[in-house]
Every structure is written in C-alpha cells, then in structure tokens.
Amino acid sequence: MRIDVDVAVVGGGAAGMAAAKAAAQAGAKTLLLERERRLGGVLDQCIHPGFGLHRYREELTGPEFAHRLIHELEHSGAEVLTEATVLAISEGPELRVASPHGLFRVRARAVVWATGARERPFGPLLIPGPRPAGIFTAGLAQKLVNIYGVLPGKRALILGSGDIGLIMARRLFLEGMEVVGVVEIKPFPGGLLRNVVQCLEDFGIPLFLRHTVIQVHGQKRLSGVTLAEVDERGRPRVGTEKFVEVDTLVLSVGLIPEVRLLSPLLPREQTHRGVVVNGYLQAQVPWLFLAGNALVVFDLVDTVANTGEEAGRNAALFARGELPPARSVPVRQGANVATLVPQQIVPGQPTTVYLRVPRPFARARIRVSGGYEKRAVGLRPAEMVELSLPGEATLGLSELTVEVIPE
Ligand SMILES: Cc1cc2nc3c(=O)[nH]c(=O)nc-3n(C[C@H](O)[C@H](O)[C@H](O)COP(=O)(O)OP(=O)(O)OC[C@H]3O[C@@H](n4cnc5c(N)ncnc54)[C@H](O)[C@@H]3O)c2cc1C
C-alpha cells in the first residue's frame with residue numbers, strides 16, 4: 001500500500017504535532033506518523049508543572065501541554081496515524097512504515113523529522129565494575145514511576161544534574177525512595193536553576209558538584225557506588241573515594257538527537273554531531289526539515305513547538321514549490337558559544353538563532369557580525385538562548401559569527 005501526501009511528519013511529540021498542524025493550516029495534505037499508541041512524546045510522562053509558560057502564558061503539566069497541542073492538531077485537518085513506526089527514509093521522498101496492520105509506504109513532497117532525542121546510556125560512560133540490575137536512565141525511571149506506577153528501588157543516587165535528573169530526584173523522593181544526592185562532574189549544575197531550587201533545595205537533597213561515580217558494585221542487584229571528587233580536568237582525585245550504599249543509580253547524562261535513520265541521506269558527521277540546517281530549518285537534502293529535539297536538545301517545550309511550526313510551514317511551502325531558494329551563508333560559532341542552530345541563514349531575512357554557552361556568565365553581550373548586539377544576564381549552559389535577528393542585521397553578510405563576550 002502507498003499513501004501520497006504533500007507533507008509527512010515523523011514523530012508525534014510537541015515538535016511533530018506543531019509541525020503537522022502548521023503544515024495542514026498552510027494548505028498541505030499532511031500525515032503525522034507516531035510509533036506509540038498516543039500522541040505527546042515525552043510530555044506524557046512529565047507530570048510535573050513547568051510547561052507552556054511562554055506559549056500559553058500558563059503553567060501546565062506535560063500531559064496538559066500535549067492536550068492543548070492535540071486539540072490544535074485536531075482542528076487543523078492533518079491526518080494522524082499512531083502505532084506507525086517509520087523504519088526507513090529515502091529519496092522520493094519515501095518512508096517505509098510498520099504498523100499493526102502491516103507494512104506500507106508514504107510518498108511525500110516534503111518531510112518534517114521530529115523524532116525527539118534519546119538518552120545517553122550507561123555503556124559509553126565506561127564506569128568500571130559489574131553490570132547489575134538497578135541502573136536506569138532518568139527517562140526510563142520516570143516512565144516506570146509516572147506511567148507504570150512502579151518504583152525502581154529503595155535508595156537512589158542520581159548521576160548528572162540535567163533537568164531530567166533533577167526532576168527525578170524530587171519525584172523519587174516524593175514517592176518514598178531515599179535519594180542520597182545528585183552527583184555532577186562539572187562545577188555548575190547541568191539543569192535549569194529553577195529545577196535546582198524546586199527539586200533539590202526545597203527537599204534537602206544534596207548536590208555534589210565536581211564529583212563523579214568511579215565504580216559500581218553488586219552482583220545481581222546494585223549494592224553501591226564509589227564516588228570521588230574530580231579535578232578541573234574531570235579526573236578523580238586520589239584519596240577522595242567514598243563508598244555510597246544504594247540499590248538504584250539513575251543516569252541523567254545527556255540527550256542525543258534521534259537522527260540515526262537519516263544516515264543514508266546525510267554525511268556521517270551530521271548524523272553524529274547534529275544535522276546542518278538553514279534558516280528555514282531545512283537540511284542539505286532540500287525536502288527534509290527538522291524540528292524539536294531531533295534538531296537540537298531544547299530546554300523548553302515552547303521553543304520545541306515553535307521550531308515545529310516553522311518547519312511545518314516551510315515544508316508546506318516547499319511542497320507547493322513556493323519556498324524561495326535559500327541563498328544561505330554559514331553561521332559560525334565564535335567565542336563562548338557551545339551550541340548554535342541553524343548553521344546557515346538566509347541574509348536579509350528575519351531569523352531566530354538558538355545558542356548555548358559552555359559555562360555560566362553573570363553578564364554578557366551576545367555579538368553578531370555586522371554589528372548587532374544583545375545584552376544578557378544570567379547565561380547558563382542549561383538554558384538555550386533565543387536570538388531573534390531582524391532582516392537588517394544580516395543584510396549583505398557573507399558569513400555570520402555569533403560570540404558571547406563576558407562583561
Ligand atoms: C523529564 C523532562 C522534563 C522536562 N521538563 C520540562 C519543563 O518543565 N518545561 C518545558 O518547557 N520543557 C520540559 N522538558 C522538555 C520538553 O518536554 C521536550 O523538549 C519536548 O517535549 C520534546 O519534544 P519533541 O517533539 O522534540 O520530542 P519527543 O517528545 O521525544 O517526541 C518524539 C516523538 O517521535 C516519535 N518517534 C521517534 N522515532 C520514530 C519513528 N521512527 N517513527 C515514528 N515515530 C517516532 C517518538 O515516539 C515520540 O513520540 C522536559 C523534558 C523531559 C524529558
């Protein structure tokens with residue numbers, strides 16, 4: 001069987017739903033494919049408040065935010081297929097899809113890739129010791145507790161202070177587990193400041209900065225971990241080792257955009273280090289657009305939904321042959337910029353640039369070549385900075401460098 005559409009959207013999280021809605025509203029025959037039974041993506045398991053402050057000017061839980069988007073999607077005219085897993089994508093563009101009803105193909109004029117991010121697992125951390133039960137990624141622990149109503153253990157340590165780890169420290173504590181602390185190798189927390197306060201400080205959960213786990217112990221089940229302080233290069237300091245008895249280790253050590261299926265279409269470094277997009281969120285394969293955490297890991301779902309809408313609108317224009325050709329110039333990472341998206345822009349067009357800093361800055365100026373500057377206070381690696389550049393700021397430039405200058 002083959003379904004023909006203008007725009008196919010892969011992934012039914014916040015980014016995919018926003019993309020499908022925007023593409024359908026722009027007049028494109030749109031199909032959204034989601035592998036799970038329900039739409040919402042990771043929002044479904046995020047039952048804490050803190051979503052939607054920018055988009056809806058309300059503090060919603062993850063499922064509430066998802067319901068708002070589902071409602072908007074239902075009124076847009078986009079078709080939705082759940083339990084539909086995209087297995088492969090190729091020129092055409094064509095998607096191969098598996099569902100409980102069998103295999104089928106989707107032929108589209110443009111595709112929005114909105115497959116979210118996956119969690120960095122335990123293996124690549126190369127922590128010595130056995131591999132007993134009791135080691136969970138934070139997202140999995142969250143799913144166990146919030147979706148299946150099961151506690152992962154009795155006494156937990158969280159490794160990594162990203163937002164998911166901070167939120168899980170509070171969640172496990174509230175559900176009755178003993179939470180020994182959160183361990184962070186860097187000298188500053190990885191997550192949002194509000195989460196450090198609301199998830200750790202408010203509950204007396206300690207945060208061990210400049211520490212890491214150097215060994216795990218236990219046979220069938222985790223019996224404990226050895227912690228150590230680290231020096232400024234992240235190496236364990238001899239003599240600071242400490243055994244901590246826990247039966248659960250929760251990992252919050254990073255998210256990786258889920259773009260492995262794009263590898264036949266794009267150069268290898270792009271499917272490893274991030275897909276290069278221009279100001280339309282369009283990849284180097286022109287019919288392919290990226291949105292949400294599949295593009296770059298965002299801290300706020302509001303931004304994820306914005307990228308979805310932008311990608312969806314542009315995909316609809318591309319499908320009709322109305323997207324002006326992108327005469328793109330490169331965007332370069334200057335000093336103190338750790339992440340920068342998009343990597344190309346169309347000079348003279350209003351563009352939103354997203355960036356992260358590598359370490360905290362109390363005060364700084366964000367400077368863009370061509371003279372545009374913006375003052376910023378309290379820049380932190382966990383928080384994505386959104387820089388809206390008016391068309392005049394980039395007019396006539398042959399490349400754009402973005403740098404952060406501490407004050
Ligand atoms: C624990 C946690 C707490 C958070 N807290 C906040 C908060 O307080 N405030 C806030 O604003 N943001 C928060 N966020 C961030 C925000 O929730 C996410 O950035 C956002 O929901 C990601 O949306 P997405 O659509 O990019 O990805 P996802 O939600 O991951 O959606 C991707 C979808 O793609 C589907 N998919 C993947 N591959 C395929 C395939 N091959 N075929 C078909 N479907 C596929 C997946 O099943 C999934 O449904 C939090 C995130 C987490 C994890």
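Predicted model: local features only at pLDDT ≥ 70, side-chain atom pairs only at ≥ 80, totals over all residues.
Strand β17 (residues 222-229) runs antiparallel to β18 and is joined to β18 by 3 bridges. Within this pairing, Thr226 has Phe243 of β18 as its bridge partner.

## Packing of α1 against α2

Helix α1 (residues 14-25) packs with helix α2 (residues 62-74) at an angle of about 25 degrees, and their axes lie 9 Å apart. Because angles under 35 degrees count as roughly parallel, α1 is described as roughly parallel to α2. The crossing of the two helices, α1 and α2, is left-handed.

On the α1 side, the contact involves Ala14, Met17, Ala18, Ala20 and Lys21, which meet Leu69, Ile70, Glu72 and Leu73 in α2. By residue class, this contact of α1 with α2 comprises 7 nonpolar and 2 charged residues, with no polar ones.

## Domain arrangement

According to the domain assignment, the protein divides into domain 1 (1-119 + 254-326), domain 2 (121-253) and domain 3 (327-407). The centres of domain 1 and domain 2, taken over C-alpha atoms, are separated by 31 Å.

The contact between domain 1 and domain 2 takes 6 residues from domain 1 and 13 residues from domain 2. On the side of domain 1 that touches domain 2, the residues divide into 1 nonpolar, 3 polar and 2 charged.

Note on methods
Residues numbered from 1 in each chain as written. Domains from an automatic or database assignment. Contact = placed C-beta atoms within 7 Å. Nonpolar A, V, L, I, M, F, W, Y, C, P; charged D, E, K, R; others polar. Axes fitted to C-alpha atoms, helices over the stretch in contact; angles between N-to-C directions. Helix = DSSP H or I, 4+ residues; strand = E, 2+ residues; numbered from the N terminus. Parallel < 35°, antiparallel > 145°, perpendicular 65-115°, else oblique. Left-handed = near helix turned anticlockwise from the far one by under 90°. Pairing = 2+ DSSP bridges.
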